[in-house]
Amino acid sequence: MKKLLIGLFSSLLLCLVLTACQGMKEEQVRGKEEIHDEEHDHVDEHSNDEETQVGIKIEGLAAHYHTGDKIELSAVLDEESEYEHWHWYSRESTSEEWEVVSGQETETFIGEATTDGLELKVVLFDDNHEPIVQSEPVKIVIDDHHGHDEASKQIYQGYFEDEQVKDRELSDWDGEWQSVYPYLLSGDLDAVFEHKAKNGDMTAEEYKEYYTVGYETDVDHIKIENNVVTFYQNGKEYSGEYESDGYEILTYEKGNRGVRFIYKLVDGTEDMPQYIQFSDHNIFPVDSDHFHLYWGDDRDELLEEVTNWPTYYPAELDAEGLVRDMLAH
């Protein structure tokens, strides 16, 4: 009997010990979960804290992206910090709350361009999950230019009906533009020719030779505003006012077609050409993103020119931006 009582007492004691241990483990798990939740809530609490001082610059933002482009941004601190606890946040409009971007927890942001107008910012936290410094928001601008639908692609490639063509105002080309010819000479566009060679019928070297003839010009910059066109040529500038002189539809050797939108000089210096003709793959009114330009004093003779087509892109684009834009077309 005595042995039986001792056995029962031992079993009871063992159960109590095991229960206590299990309770301690559950308490530890709950404690860890609570700490994790507190940390997460702490981050969320400050994710939209507009009072946090600004001391981070976001670098690497492109003037615009095309749908599906890779976005790669870097957070650069104004002053060095011992902390490395980063979070990136996004919102689709100023009326929405900032949300944490999952998986972006370093000073580098890598993503894909999918939403036009998306805002991004980055915040650096200390070891207590308190925000210590943040960036100003930056906006992702997506401009697919000619669109991705089949009809837009056909027009861009030069296949359209005459009745689709409409007159255009000179304001479609308003802005400041730069020639791409200097970038070709410096080798910055070599990646474009290599890309063309992968799917084309010429080598990269042959494409470069072809575009060297096409892009050649000594008019490095052009400004267009209020129907006034200004050429910047060999360190000098010349201006003239132009008005519409209609358009002409041209058929090329390959069977595709293009439209020259023509403008004639009505007032300006004698150094400005009597006619300028735009070709930008568009056939009706729309703001241009780049263009080929022909100029001279003989309207009909200009229409015969198909080998030299000086090409202009927005003046704010750097070499990287130009390459990205060209590869998208």
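I begin with S90, which is buried, with a relative accessible area of 18%. Buried here means under 20% relative accessible area, exposed means over 50%, and partly exposed is what lies in between, with a 1.4 Å probe and protein chains only. Before going on, the conditions: this is a predicted model, in which local features need pLDDT of at least 70 and side-chain atom pairs count only at pLDDT 80 or more, while totals for chains, interfaces and linings use all residues. Residues are numbered from 1 along each chain as its sequence is written, and side-chain values use heavy atoms, with hydrogens and water left out.

Back to S90. It is in strand β3, residues 85-91. Helices (H or I, at least four residues) and strands (E, at least two) are DSSP runs, numbered from the N terminus. Leaving aside neighbours within four places in sequence, S90 is in contact with E97, W98, E99, V101, L118, E119 and L120; contact means heavy atoms within 4.5 Å. From C-alpha to C-alpha, S90 and V101 are 6.5 Å apart in space, and in sequence they are 11 residues apart.

Now the overall counts. The protein has 7 helices and 16 strands. It has 329 residues, of which 37% count as buried. Take the contacts between residues at least 6 apart in sequence: 59% of them join residues at least 24 apart.

Next, the nonpolar cores. A nonpolar core is a set of buried Ala, Val, Leu, Ile, Met, Phe, Trp, Tyr and Cys residues joined through side-chain atoms within 4.5 Å. Which residues have the most contacts inside the largest one? They are V229 and F278, in a core of 24 residues. At least two residues of this core come from each of β10, β11, β12 (236-251), β13 (257-268), β14 and β15. The largest share, 4 residues, is supplied by β13. As for F278, it touches L170, W173, I224, V259, R260, F261, Y263, F291, H292 and L293, not counting residues up to four places away in sequence. Another core lies apart from this one; it has 23 residues, including V180, L189, A204 and L302.

S179 sits in strand β9. A polar atom of its side chain lies 3.0 Å from the backbone nitrogen of Y181. A polar contact is a pair of N or O atoms within 3.5 Å; within protein, one must be able to donate a hydrogen and the other to accept it, and residues adjacent in sequence count only if both atoms are side-chain atoms. Not counting residues up to four places away in sequence, S179 also touches T217, V219, D220, T311 and Y312.

On to the helices. Helix α7 covers residues 319-327, and its buried residues are G321, L322, V323, D325 and M326. What covers them? The cover includes β9 (175-179), α3 (181-186), α4 (190-199), α5 (204-215) and β16 (311-314).

How do α4 and α7 pack? Their axes come within 9 Å and cross at roughly 20°, so α4 is roughly parallel to α7. Axes are lines fitted to C-alpha atoms, for helices over the stretch in contact, and angles run from 0 to 180 degrees between N-to-C directions. Angles under 35 degrees count as roughly parallel, over 145 as roughly antiparallel, 65 to 115 as roughly perpendicular and the rest as oblique. At this pair, A191, V192 and H195 in α4 meet V323, M326 and L327 in α7.

The axes of α4 and α5 come within 8 Å and cross at roughly 120°, and therefore α4 is oblique to α5. From α4 the contact is made by D190, F193, E194, K196 and A197, and from α5 by A204, Y207, K208 and Y211.

Last, two backbone angles. N227 is not a glycine, yet has a positive phi of about 70°. N227 lies in the loop between β10 (219-225) and β11 (228-233), and is partly exposed, with a relative accessible area of 33%. H281, also not a glycine, has a positive phi of about 75°. The loop that holds H281 runs between β14 (275-279) and β15 (291-296). H281 is partly exposed, with a relative accessible area of 27%.
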